[in-house]
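This report goes through selected residues, a surface patch and the nonpolar cores. Please keep the model open while reading.

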Amino acid sequence: MRLLAAVFFAALAIVPSLARAQSIDPRLSFRTIETDHLRIHFHTGYYELALEVAKVGEASYAVITELLGHTVGERIDIVLTDNTDDANGDATVLPYPLIHAFVTAPDDLSFLAEHQYWIYELIAHEITHIVHLDTTGNVAWLINKILGRTWIPNQYQSRWFVEGLAVEVESRISLGGRARSRLVDMVFRAEAVEDRPMRLDQAATGPLRWPQGNTWYLHGGRFLSFVAERYGHEKLKQISQWYGGTLIPYAMNRAFKKFVGKGYDEVWEEFQAALADEYAVQLAEVLDQPVRDGTALTDRGQRNYSPRYLPDGRILYFAESFSTLPQMRAVDPASKKDEKLDLITAQGHAAWPEPNGHVVFSQVEIVDTWYPFNDLFDYDVQRCRFRRLTNGLRARDPDVSRDGRFVYFIQNLGVRSRLLRAPIIDDDGDRALGPYEVIWDPGATWQMYTPRVSPDGHRVAVSVFRPPGQRDLAIINLDNLPSASGPASQESEEEAALVDWVTDDEALDGGPAWAPDGKKLYFHSARSDIYNLYSYALNDQELLQVTNTMTGVFSPDVSPDGTRIAFLRYSTKGYDIFEMPLAEAVNVPAKEQRRVDPMGVMAGALPMPATLPVEHLPSQAYNPWKSLFPRQFLPVPDADALGFVLGVSTSGEDPLGRHKWALQVGVGFESKDLNYSASYENKQLYPTLSLSTSRSIQVAPTAAKINGLNVLVVERAHKVRLEAEFPLNRALWQLQFKVGYSFEHRDRLTQFRFAPDEIAPVFPPTGNFADLNTSITFSRLRRSAGAISPEYGQRVTLSGLIRERWLGSDYRQGQLSFGVTHYQLMPWLMNHVLMLRLNGGGGYNELATRPLTSFGGLPLRDPVRDVIFGTTVAEGGVRGFLPSAFAGDFYFNGTIEYRAPLWRIEHGWSVLPIYLRTLAAAAFVDFGNAGTPAQLFRALGVGVGAELRLDIDYGFYFGTTMRFGYARGLTPGGIHNVYFILSNGF
């Protein structure tokens with residue numbers, strides 16, 4: 001019974017939120033505006049956007065609450081930030097309704113790209129989460145009334161349902177959204193073409209196969225749109241309301257059967273059959289013409305982007321796949337030889353490769369610790385050397401003029417972007433950029449992508465997003481640049497002379513590329529529901545279809561001799577590089593553009609009102625204290641050294657995450673003593689400051705020695721800790737420096753009686769323990785999507801502690817320790833890794849009864865408790881020995897471990913919350929010793945063994961690794977050790 005209670009209340013404590021926002025620069029100043037249902041927090045310069053969000057949010061809220069039949073009982077906090085070039089957002093209702101919205105728009109090949117206006121879909125999506133998750137009833141409603149928001153049944157549904165519902169609604173109430181996106185339609189069409197549909201168990205949990213985490217959104221959204229169309233949208237509301245009132249978590253199929261009348265498996269088969277029928281008609285139309293979509297040059301799938309021809313005929317591109325990190329590569333179309341040039345931080349876009357062996361490209365770099373922004377870099381192909389060209393400019397999609405004088409690129413400004421140009425300065429290979437100038441800044445909410453300079457250097461073709469959801473091609477006439485008084489806006493007379501529109505329709509056009517003679521533009525477009533390549537002759541304005549594919553092709557680039565064209569082609573594995581002779585182009589007149597509408601509600605889509613009754617809302621300085629009062633009181637079962645403890649916990653955090661506190665108080669049933677812990681974290685400043693204090697009944701760290709026997713001792717401990725943390729992050733590495741002060745007072749509770757003739761006992765030390773401690777951690781670990789552990793890089797830690805009387809301690813101690821871990825990907829088999837680890841340290845110790853360090857084999861664990869509380873088993877011992885076989889004031893230990901995947905299981909059972917991922921194996925050698933410096937290498941402990949490791953997802957949101965192993969100590973003290981543990985790390 002005690003275990004069941006622990007499971008129940010611990011589950012309450014770890015109810016998953018959909019995401020957590022990244023840290024916000026503490027230097028930013030925020031203000032707040034309020035509406036009837038929203039409280040919007042924004043930083044300086046974003047008032048107009050906050051007002052737009054207020055309008056969109058109120059309109060969305062009115063429609064969504066009607067669709068789902070629930071209203072939220074308090075204002076929803078929305079935090080607007082522009083501290084990333086990644087389009088995203090997150091929402092939670094614990095402990096109060098909160099949305100973080102990143103205002104930057106998605107890139108041109110993102111599954112989010114087909115939107116009416118990014119802010120519309122983003123806010124509608126996140127408000128759907130809030131309304132859906134906040135829906136409770138029956139006993140769940142009563143629990144939340146008594147304890148505050150603690151039991152959120154709808155959050156125990158699969159992400160596939162939670163995200164799918166939000167995608168269905170975002171698409172239903174706007175003219176965009178992923179449920180009607182042609183990019184998303186391509187995902188399902190490719191599955192039909194290759195007869196490789198996504199299984200229900202994969203969609204419910206999220207597979208390793210492409211499109212991985214996007215499956216929750218794409219397949220969930222399209223499936224629930226199918227359910228709404230065939231069975232009525234009312235069914236989704238009924239499922240949300242019924243599930244929100246249940247006490248039985250994960251009863252997804254039960255709820256679905258109750259209202260739809262069929263189980264998920266049956267309706268999923270109907271969904272797949274409907275897709276097959278839909279695509280049979282679509283593909284029959286494709287097959288009216290010969291299929292022309294090139295020859296594959298890569299086959300790894302995932303993300304292969306931005307193909308550009310090199311002067312030597314090879315194709316430069318960026319790759320990130322199941323088994324590779326982001327990297328720059330080059331493939332020879334003739335020999336198919338595909339080689340890595342260098343690793344990069346993230347997917348980028350390459351400029352025209354210059355004859356002098358330099359490539360300008362964009363990639364993500366972190367600026368000032370807080371801002372993951374795109375910047376421009378130069379790569380010297382001959383020297384294999386990077387040089388950063390911009391710093392924090394948010395520059396992407398570069399292209400270089402053929403004479404090598406200028407680089408043209410897009411600057412992201414959050415809700416809009418603009419076209420810039422900068423001269424390239426080359427000082428004997430040390431390249432830099434001169435002052436940039438604005439070429440075109442249309443303002444408003446327009447976005448631009450992938451500018452391409454014409455061969456003569458007088459024009460720039462660019463893809464332009466214009467609300468509501470239009471994506472067209474424009475040519476910028478550089479000879480007609482406006483005067484120095486300022487850039488042309490979208491409404492000025494100068495703009496008419498500057499910009500020629502190549503397309504102006506509902507088709508989504510992107511990825512322009514010039515023919516070598518400058519007379520044609522090639523680009524991708526979904527003019528007939530399927531993304532194909534097209535050519536546009538500038539003289540006679542003839543628009544021809546170039547490719548005829550059954551999936552989708554993108555991002556063309558024409559060879560220098562004008563005879564071949566390289567591009568991306570989509571499959572169920574993702575995007576790969578293809579090439580086709582232009583002589584094989586279908587060259588038929590472009591068909592009339594159409595707009596896919598799988599939901600069947602395009603004509604009746606609910607419009608977003610352009611205005612609210614008010615045109616201005618007063619703002620006030622951000623006040624964090626309104627959100628910091630206790631919102632929930634959670635019963636927490638626990639245990640002290642004497643037995644069961646029943647406690648209650650509460651906490652608070654402001655929307656920006658600048659203030660966070662937690663309190664837990666409990667009383668021991670056996671000890672009759674008060675236990676408590678309290679903490680406060682402040683991110684309002686740099687560094688992050690944290691203060692914690694606790695009182696507990698615990699087992700003393702060392703046992704008493706009585707008549708030669710070790711006896712456990714119970715003591716009461718009072719602890720206080722103050723810590724400052726200084727993070728310093730970059731895209732490829734993180735550096736974290738911490739310094740803290742700890743004070744602890746211990747009183748012995750266990751009482752002993754001794755006869756006069758007994759040997760004098762030795763007790764664990766009591767009194768005051770005060771120390772000054774510090775640590776530095778440097779990490780540059782990286783892993784690919786299919787990795788079973790980190791695959792590249794190192795993690796280095798250095799820590800120190802000093803405990804002296806002048807700090808308030810009754811005892812003197814000092815210790816310095818280090819840890820180094822290196823991961824090396826093996827070249828012979830995919831995702832095979834060699835891990836090398838070495839730890840060591842030592843110091844002085846006035847407490848002769850307590851060595852500074854003890855370690856050995858893996859400790860005995862409670863697997864159920866580890867799963868519930870997410871406990872990670874510490875690494876760094878010597879397996880094949882008792883847990884504390886080695887002890888002393890100086891120590892070292894190390895591991896040599898070979899890791900290999902055995903079986904990509906990737907299997908679950910319908911919508912049940914259990915999913916088997918990967919079975920892997922590891923063979924290891926552990927070694928180490930502890931004692932005095934002279935003893936360390938005299939009696940080295942060595943253990944060898946092997947493990948099987950099974951990665952499992954459970955509860956839709958959690959994961960663990962089951963480790964079943966055998967270790968044998970080869971030196972004195974070694975044992976045969978068969979063990980089974982659960983951990984969250986490999």
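Why does I776 count as partly exposed? Its relative accessibility is 36%. Buried means under 20% relative accessible area, exposed over 50%, and partly exposed in between (1.4 Å probe, protein chains only).

## Model and conventions

This is a predicted model: local features need pLDDT of at least 70, side-chain atom pairs count only at pLDDT 80 or more, and totals for chains, interfaces and linings use all residues. Residues are numbered from 1 along each chain as its sequence is written, and side-chain values use heavy atoms, with hydrogens and water left out.

## Surface patch

I776 sits in strand β42. Strands (E, at least two residues) and helices (H or I, at least four) are DSSP runs, numbered from the N terminus. I776 belongs to a nonpolar surface patch with F737, V796, L798, L816, F818, V820 and L838. Together they have about 610 Å² of accessible area, by the Shrake-Rupley method with a 1.4 Å probe, where for residues only the protein chains shown count as cover.

Patch residues have over 30% relative accessible area and no salt bridge; nonpolar side chains (Val, Leu, Ile, Met, Phe, Trp, Tyr) are joined within 5 Å, like charges within 9 Å. A salt bridge is a side-chain nitrogen of Lys or Arg within 4 Å of a carboxyl oxygen of Asp or Glu. β43 (792-803) and β44 (813-825) each supply at least two patch residues. β44 gives the most, with three.

The N768 side chain makes a polar contact with the side chain of H745 at 2.7 Å. Such a contact is a pair of N or O atoms within 3.5 Å; within protein, one must be able to donate a hydrogen and the other to accept it, and residues adjacent in sequence count only if both atoms are side-chain atoms.

Q698 lies in strand β37 (residues 688-699). At 17% relative accessibility, Q698 counts as buried. Beyond four places in sequence, it touches residues including A641, V713, E744 and R746.

## Nonpolar cores

A nonpolar core is a set of buried Ala, Val, Leu, Ile, Met, Phe, Trp, Tyr and Cys residues joined through side-chain atoms within 4.5 Å. The largest has 111 residues; L80, W160, F223 and Y575 have the most contacts inside it. Helix α2 (residues 47-68) gives the most to this core, with 11 residues. Apart from this core lies another, of 17 residues, among them L419, W440, V462 and A474.

Technical notes
Contact means heavy atoms within 4.5 Å.
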